[in-house]
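I opened a new notebook page for this chain.

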Amino acid sequence: MSDIPITPRRVTEGDQPNAPTAGSAAGHSELRARGLPSTAVLAVGTFAVGTDAFVVAGFLPDMAASLHVSTATAGQSVTMFAAAYAVLSPVLATVTARVPRRALLVGALVMLGLANLGSALSPSFPVLIGTRILAAAGAAAFTPNAGAVAAALVRPELRARALAMVVGGLTVATALGVPLGDVIGRWLGWRGALGTVAAMCLLVAAAVSAIMPMLPGGPRVPLRTRLAVLRRPAVLTVLPLTVLGMAAAYTAYAYIVPALRAMDIGEFSTVWMLFLYGAGAVLGNLAAGYATDRWGSVRVLSTGYLTMAAGLALLAWMAASGIALPVLAGLLVLAWGGSSWCQTPPQQHRLIATAPQEAPLVVSLNSSAIYTGIGAGTLLGGLALPHGTPLVYLSGAALAAVALIFLLATTRKAFRG
């Protein structure tokens with residue numbers, strides 16, 4: 001079943017001579033026994049990666065002032081991180097194909113930690129940009145492989161739940177990243193906040209090295225050959241859906257503060273709304289893992305897109321009519337967060353089922369699609385914002401509806417085929 005080939009292999013330098021090989025009965029038993037602890041550690045790793053991606057937004061003005069640039073210019077560091085991640089993810093999946101999984105994951109976290117340390121010590125904005133690109137490389141090497149490894153360490157019927165646990169680290173970071181950046185930035189300054197992220201990455205690297213069992217890499221295959229997976233119709237129906245769904249989620253989220261202010265929600269209440277979105281993201285991701293194992297990916301995704309479209313449409317109506325109902329708004333934001341992050345486990349599950357021998361690559365392509373969707377949604381929201389916050393919400397709702405239609409149309413076509 002394994003998404004990462006688990007076959008007998010000779011002992012290589014750095015392996016333990018008496019450790020059971022992955023292909024032996026003892027090795028197979030060891031993988032299963034250590035699957036849950038390893039998956040939990042990998043989830044902490046994705047939390048560190050997600051915190052790194054989101055934490056900067058909490059102290060952008062202070063960072064901009066310290067580096068003598070505008071806040072808008074400082075925000076380009078976030079854009080560069082996302083762009084570098086999207087481009088590097090499939091490339092690194094190919095380049096590192098033969099690297100043993102434990103060594104790869106530890107190396108990626110070490111790179112991420114050192115890059116954040118470099119960001120914390122950056123004397124100028126260009127140096128900061130360079131370190132953020134290095135951080136994106138570490139994140140792009142870690143996250144997709146963490147998901148593929150987690151799927152390989154558990155029984156097939158638990159695969160979606162393992163993926164949900166790993167993605168759960170990212171969703172928790174979505175909930176806490178910006179508030180953590182603000183709080184730590186106030187206590188220690190923005191450099192101290194990035195230093196804290198660096199320390200977290202290095203600690204998780206040590207935990208992964210100590211707990212995760214050995215898994216071999218795959219064969220070295222040229223990028224062009226590996227990208228032939230994109231010619232598979234099933235893969236081509238999954239990745240555009242990821243872009244559409246994440247664009248729908250982030251059209252309004254990037255501008256959630258002014259969007260909430262349009263409904264007379266004050267600064268203190270806005271913080272709680274952000275936590276509600278994050279709580280919904282965590283719950284939606286975990287529920288999606290269990291629901292996908294039980295009812296299948298299409299039902300979970302259909303429910304998520306329908307919920308997102310309806311929730312954002314209701315928020316648009318509230319913003320347009322000037323209705324101030326904080327409790328209703330909070331419930332809608334909670335549902336919005338849940339529907340936004342219920343997408344990833346079923347989408348990864350669909351991709352791995354389509355191309356099990358290329359699991360790290362297709363998961364990395366899905367990660368690229370996630371960041372592409374986030375960027376596209378943020379761009380669309382920025383274009384809509386000058387025309388009023390109702391249009392921002394409606395744009396997200398429209399994209400969610402398009403995602404639902406795309407899902408149903410491609411599923412029906414595949415069924416008929």
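I began with a rule for helix length: the expected span of a helix is 1.5 Å times one less than its number of residues. Helices (H or I, at least four residues) and strands (E, at least two) are DSSP runs, numbered from the N terminus. I noted that this is a predicted model, where local features need pLDDT of at least 70, side-chain atom pairs count only at pLDDT 80 or more, and totals for chains, interfaces and linings use all residues. Residues are numbered from 1 along each chain as its sequence is written, and side-chain values use heavy atoms, with hydrogens and water left out.

**Entry 1: helices.** I counted 17 helices and zero strands in the chain. I checked helix H7 (residues 125-152), which has 28 residues. Its first and last C-alpha atoms are 41 Å apart, close to the expected 40 Å. Helix H10 (residues 233-253) has 21 residues and should span 30 Å. I found its end C-alpha atoms 31 Å apart, which agrees.

**Entry 2: burial.** I call a residue buried under 20% relative accessible area, exposed over 50%, and partly exposed in between (1.4 Å probe, protein chains only). By that rule, 54% of the 417 residues of the chain count as buried. H7 is mostly covered, with 23 of its 28 residues buried. H10 is mostly covered too, with 15 of its 21 residues buried.

**Entry 3: cores.** A nonpolar core is a set of buried Ala, Val, Leu, Ile, Met, Phe, Trp, Tyr and Cys residues joined through side-chain atoms within 4.5 Å. I found 99 residues in the largest one. Leu 42, Val 208, Tyr 250, Trp 336 and Tyr 393 touch the most other members there. A second, separate core has 17 residues, including Leu 351 and Leu 365.

**Entry 4: two serines.** Is Ser 119 buried or exposed? Ser 119 counts as buried because its relative accessibility is 0%. Ser 119 is found in helix H6. I listed its contacts (heavy atoms within 4.5 Å). Leaving out residues up to four places away in sequence, Ser 119 touches Leu 128, Thr 131, Arg 132, Trp 190, Arg 191 and Leu 194. Next I looked up Ser 395, which lies in helix H17 (residues 389-416). Ser 395 has 13% relative accessibility, so it counts as buried. For the chain, residues 24 or more positions apart account for 84% of the contacts with a separation of 6 or more.

**Entry 5: a charged pair.** I looked for salt bridges (a side-chain nitrogen of Lys or Arg within 4 Å of a carboxyl oxygen of Asp or Glu). The count came to one. Arg 132 pairs with Asp 52, and the closest N and O atoms are 3.0 Å apart. Arg 132 lies in helix H7 and Asp 52 in helix H2 (residues 35-55), so the pair ties together parts 80 residues apart in sequence. Both Arg 132 and Asp 52 are buried.

**Entry 6: surface.** I used accessible areas from the Shrake-Rupley method with a 1.4 Å probe; for residues, only the protein chains shown count as cover. The chain exposes about 17100 Å², and carbon and sulfur atoms supply 70% of it. Leu 117 lies in helix H6. Leu 117 is partly exposed, because its relative accessible area is 40%.
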